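Keep the sequence and the 3D view open while you read.

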Amino acid sequence: AKKAIKRDISVYSRDSDEDYLLKISIIEKDVDAFKPDFIVYNAGTDIIEGDPLGNLQITPRGIIQRDELVFRWALRRNIPVLMVLSGGYQRSNAQVIADSIENVIKNESKLKSQTELRDL
């Protein structure tokens with residue numbers, strides 16, 4: 001699998017939401033270079049603070065912002081997204097996932113209009 005990985009992004013237990021979101025923001029350039037027909041997005045929540053296996057400190061708001069970033073990138077390029085839920089070993093993760101999906105659905109038109117304004 002390592003041979004197929006084109007971008008290695010390391011995250012650390014001390015990374016803040018801002019650190020994490022900045023690190024993953026570089027993936028947008030890879031989306032442009034690859035020009036996918038669709039995106040399979042593994043939206044894991046084992047990165048959330050307190051998760052016993054993930055050992056990271058990303059807040060629920062950070063996860064919601066991450067998901068919003070991915071959908072904004074896809075909407076900007078008219079790329080369909082298959083969002084797969086994974087990881088996350090706390091009962092509270094289910095609510096974070098629900099809140100994130102609700103946020104994307106509720107703000108879809110806002111995300112589209114933001115990307116259209118950026119394209120002008």
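Glu28, Asp32, Arg76 and Arg77 are joined in a network of salt bridges, a salt bridge being a side-chain nitrogen of Lys or Arg within 4 Å of a carboxyl oxygen of Asp or Glu. Before going on, note that this is a predicted model, in which local features need pLDDT of at least 70 and side-chain atom pairs count only at pLDDT 80 or more, while totals for chains, interfaces and linings use all residues. Residues are numbered from 1 along each chain as its sequence is written, and side-chain values use heavy atoms, with hydrogens and water left out.

Within it, Arg77 pairs with Asp32, and their closest N and O atoms are 2.5 Å apart. Arg77 sits in helix H3 and Asp32 in helix H2 (residues 27-34), so this pair ties together parts that are 45 residues apart in sequence. Helices here are DSSP runs (H or I, at least four residues), as are strands (E, at least two), and they are numbered from the N terminus. Asp32 is partly exposed, at 36% relative accessible area; on this scale buried means under 20%, exposed over 50%, and partly exposed anything in between (1.4 Å probe, protein chains only).

How many salt bridges turn up in a search of the whole structure? The search finds seven. In general, side chains of opposite charge can pair when their charged atoms come close. One of the bridges joins Arg72 and Glu68, with 2.9 Å between the closest N and O atoms. These two are four residues apart in helix H3, so about one helical turn separates them. Are they buried or exposed? Arg72 counts as buried at 14% relative accessibility, and Glu68 is buried at 14% too. Another bridge links Asp15 to Lys23, where the closest N and O atoms are 2.7 Å apart. Asp15 is buried as well, with 7% relative accessibility.

Now for the greasy part. The largest nonpolar core has 20 residues, and Tyr20, Tyr41, Ile47 and Ile63 touch the most other members. Such a core is a set of buried Ala, Val, Leu, Ile, Met, Phe, Trp, Tyr and Cys residues joined through side-chain atoms within 4.5 Å. Where does it come from? Helix H1 (17-25), strand S1 (39-44), helix H3 (60-77) and helix H4 (93-106) each give at least two residues to this core. H3 supplies the largest share, six residues. Take Tyr20: apart from residues up to four places away in sequence, Tyr20 touches Val11, Ile47, Ile58 and Arg66, where a contact means heavy atoms within 4.5 Å.

Next, find Ser100 in helix H4. Ser100 is buried, with a relative accessible area of 0%. Leaving out neighbours within four places in sequence, Ser100 contacts Ile63, Ile64 and Asp67. Tyr12 is 88 residues from Ser100 in sequence, and their C-alpha atoms are 23 Å apart in space.

Last, the backbone. Which phi does Lys35 have? Lys35 is not a glycine, yet its phi is positive, about 50°. You'll find Lys35 in the loop between H2 and S1, and Lys35 is exposed at 64% relative accessible area. Asn78 also has a positive phi, near 55°, in a residue other than glycine. Asn78 belongs to the loop between H3 and strand S2 (81-86), and is exposed, with a relative accessible area of 70%.
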